[in-house]
Amino acid sequence: MKHFSFLKRKEPLNDTQLLMAITIGIFLIMYVSAIMLFGGGFNHAQQIFDMLNDNASLIIVSCGLTIVMIGGGIDISVGAVTSLTVMSCVLYLNRGGNIYVSILLALGIGLAFGLVQGFLISYLEIQPFIVTLAGMFFARGMTTILSVNPQKAAHKTFNALRAKKIEISWLGYKARNGNLVPARIELGVLVALVCVIFVFLMLRYIRMGRNTYAMGGNQQSALMLGINVKRTRFMTYVLSGLLSGIAGYVFMLHTGAGNATNAAGMEMNAIASSIIGGTLLTGGVGNVIGTFFGTLSLTTIKKIVVTSGLNDPWWQSITTGGMLCFFILLQSVVLGKRSKKKNT
Amino acid sequence: MQEEYLLTMRRIDKRFPGVLALNGVDFTLRDGEIHALMGENGAGKSTLIKVLTGVYQMDGGEIRLEGKPMVIHSPQDAQKKGISTVYQEITLCPNLTVAENIFIGRGKGVWVRQKSLEKRADEILSKLGIPARSTQLLGSCSLAVQQMVAIARAVDMNCKVLILDEPTSSLDDKEVNRLFDLMRDLKSRGVGIIFVTHFLDQVYAVSDRITVLRNGELVGEYLTEELPQIQLVSKMIGKELEELSSLSETEEKKTEEKEILYEAEGLSSTEALPFDFAIRRGEVNGFTGLLGSGRSESVRAIFGADKVTGGTVRINGKPVKISKPVDAMKHGIGYLAEDRKRDGIIAELSVRENIILALQVMNGMFKPISRSESEAFADEYIKVLNIKTASRETPVGSLSGGNQQKVILARWLLTHPDYLILDEPTRGIDVGTKLEIQKLVLKLAEEGVSVTFISSEVEEMLRTCSRLIVMRDRHVVGELTGQDLNQTQVMKTIAGGEA
């Protein structure tokens, strides 16, 4: 059975897997050291669930951005689209709208942005940065036009849905008064996990996902290999838009209010999550599981900063910036070492 | 009734604005034949290929595949109809696995079944004897293997006509032979192969027939064994043989004992081991050796292109320090890089801007060259070097390879160098331009410029150089002058047999 062992030979990690492994490793190290340094809150499972509860929409947006970035593009409209979705849905619900229609509305807004931006970028071949920059300003402006003042959702069914939480008692902890507080997970987290799994499967097993990698690796080659590059690129932006819409709804489930400054800077956090998760800005390399852990790493470091008593918001920005630098440096060192090894 | 060929192209016309790129060209390909398509740059061979692969639409003529007339709309359409092309630059995705590169863009349906594709890919690879695993990333394979994977893809798509466009230009001898074995194997399976190359030896090593184009017209179709190499060359360039041989006579000329211009002792860089080297005024010498023997690395050290790590350098007897290209330029050294796309031309800039580039760097930022001055320079060199360009403001990227090379040459000549290093100046360019560049080198030497010349073609080096430094495994293993300058001796030295 010599042949068999030849075929089964394990391949060394490719760049995507390697970068992802690094991210997961660093997340674990960070989290464990947080437990050792601060103990307390980090000991409880709820800490992780809180991180997920707070960042479910960021995770979803990052998934979309990862797809776009693997394809060699960029989408900076995601945060603004999320914000517009939140505001639109809250206003709609407050006028006595139907909850199912509000979901469709969220999907529709995301999809519309994805379709238009994707069309401009893929078929009219306009720079993605410019198109999505315009999309970002447009969506932000629209949000403000809809309402300058914050709007709180006052829809019965919606608020009931919002209050629904999954409770896991064996992961809970005893509060000081002796009562057991079960771990609470919001519905949005489930949506986020479904999105992560869907995008993971798509990038790995579905033709369009593989074509995205090919396109990001070498667009000219992808074209020569018979891939419909325009359609593939179009689809990446449509998915990104759609996921922004979903993220908007999840955001609304979490905060229960629309605000013109909702999700401000989310696009940058999403880009940071993708990069920390091992997606290369140059395209062709990346993985959504990495992005998931990228978001968690980003959140953990912010939590650590806050827990150490540096409560001012700029400390979070500074550490986020530092971490991004560190990861990019690490990536280029590791990948540089590899390509050197390959050449000798 | 005419004989049915695998592929027949009849009276193909292709017009570009102002140029008739193809003028009634015929081309036929038989089953199981390796057919070399030869011609200078601008002869129309790449236009013909592009018409055949659907990149261009022809303006007149007819294409028949297995007797059936057909119209080809796009490269993808050509592939579907059984015409596949493997280009000089690999057009695969290095970030995907070998198996994916063979199958991507071809299947239907939503899901991709990696496992079964991998199994099929392994079968194809082992059938064709390609040393790669299906699960390996393409980027981790050597260039030669990547090229073979491209061929494997074409074969698996049931291609009847396989076009190999300059497939060997980045391969070493061993890899070339492996590729040839694969080509012969495909030939025995009945695939018709169109082989485009600049290497005459390879044409004779592997092809059955040769079609020669010149200036967009068909010169003729010949059986390879009936067409001597020297006649092929004269058919390609349309010049008579005397002109060719007159060049080789200049080889007899020896440099008189002039003073030494440049001298290096123990020069080394991050890429090159220490070596000694000297060149006299008006001398043409060369570094030779196999690919990877360190010949390019050595001249890059002279120019300071890689980080210099040691050694002493004297120019005109005075010690100088050259640690980066600008130092070398200030001391009158010019360097024509091996990879003109990467190190040489700036494709988006015009011919004029590319020509004055080096002079501008020498002058420094604060002494701009006036527009009229630069136009005059550009016009002068376009004329002197016979650069074929629409105007001096044409982007260099749109020129043919040979003419790009001349632009870079003009760039260095404008700085009036004492010493010019030409690393593979003739690679990938047509025979006619090659000859022009060789002549130019000899003329420069007569005018007192020292030239170091590197080429993969030993014959070309013998024709131009009066001294050859032979390298093997990054060491200088010999210097040949005078009577020792012949093919046998060079081969012997490279192979390791001492004189």
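**Chat notes on a two-chain model**

Colleague: How many other C-beta atoms lie within 10 Å of B:Asn316?

Modeller: B:Asn316 has 14 other C-beta atoms within 10 Å, so it counts as partly exposed. The cut-offs behind that are 20 or more for buried and 12 or fewer for exposed. Keep in mind that this is a predicted model.

Colleague: Where is B:Asn316 in chain B?

Modeller: B:Asn316 sits in the loop between strand S14 (308-315) and strand S15 (318-320) of chain B. Its phi is positive, about 55°, although B:Asn316 is not a glycine. Most residues other than glycine have a negative phi.

Colleague: How many bridges join S14(B) to S15(B)?

Modeller: Three bridges join them, and the two strands run antiparallel. One of the pairs is B:Arg314 with B:Pro319, the latter in S15(B).

Colleague: Which sheet of chain B has S14 and S15 in its order?

Modeller: An open sheet of four strands, in the order S12-S11-S14-S15 of chain B, with antiparallel pairing. Strand S12 (275-280) and S15 of chain B are at the edges; each has a single partner strand, so one side of each has no neighbour in the sheet. On average, neighbouring strands of this sheet are turned by 20° against each other, direction ignored.

Colleague: Which helix lies across S11, S12 and S14 of chain B?

Modeller: Helix H10 (residues 295-303) of chain B lies across strand S11 (260-269), S12 and S14, and it runs at about 110° to S11(B).

Colleague: What is the strand order in the open sheet that includes S1 and S2 of chain B?

Modeller: That open sheet has four strands in the order S2-S1-S4-S5 of chain B, and the pairing is antiparallel. Its edges are strand S2 (19-29) and strand S5 (68-69) of chain B; each has a single partner strand, so one side of each is left without a neighbour in the sheet.

Colleague: How many bridges are there between S1(B) and S2(B)?

Modeller: Strand S1 (residues 7-16) of chain B pairs with S2(B) over seven bridges, in the antiparallel sense.

Colleague: Stepping back, how many helices and strands are in chain B?

Modeller: Chain B has 18 helices and 20 strands. Its C-alpha trace spans about 75 × 50 × 50 Å along the principal axes. Of the residues in chain B, 46% count as buried. Among contacts in chain B between residues at least 6 apart in sequence, 68% join residues at least 24 apart.

Colleague: Now chain A. At what angle do helices H3 and H11 of chain A pack?

Modeller: Helix H3 (residues 45-70) and helix H11 (residues 229-255) of chain A pack at about 175°, with their axes 8 Å apart. They are therefore roughly antiparallel to each other. The residues making the contact include A:Ala56, A:Ile60 and A:Gly64 of H3(A), and A:Leu243, A:Ala247 and A:Val250 of H11(A).

Colleague: What about H2(A), how many residues does it have?

Modeller: Helix H2 of chain A has 24 residues, 15-38, and reaches 34 Å from its first C-alpha to its last, close to the 34 Å expected at 1.5 Å a residue. Among the buried residues of H2(A) are A:Leu19, A:Met20, A:Ile26 and A:Phe27. Just after H2(A) comes A:Gly39, with a positive phi of about 50°.

Colleague: Is A:Ala263 buried or exposed?

Modeller: A:Ala263 counts as buried, because it has 28 C-beta neighbours inside 10 Å. A:Ala263 is in the loop between strand S4 (257-258) and helix H12 (266-276) of chain A. Its phi is positive, about 55°, although A:Ala263 is not a glycine.

Colleague: Last topic. How many residues of chain A are in contact with chain B?

Modeller: 23 residues of chain A are in contact with 24 residues of chain B. On the chain A side, helix H9 (207-217) and helix H10 (219-224) each supply at least two residues. H9(A) gives the largest share of that side, six residues.

How values were computed: Residues numbered from 1 in each chain as written. Chains lettered and ligands numbered in written order. Predicted model: local features only at pLDDT ≥ 70, side-chain atom pairs only at ≥ 80, totals over all residues. Contact = placed C-beta atoms within 7 Å. Expected span 1.5 Å × (residues − 1). Axes fitted to C-alpha atoms, helices over the stretch in contact; angles between N-to-C directions. Parallel < 35°, antiparallel > 145°, perpendicular 65-115°, else oblique. Pairing = 2+ DSSP bridges.
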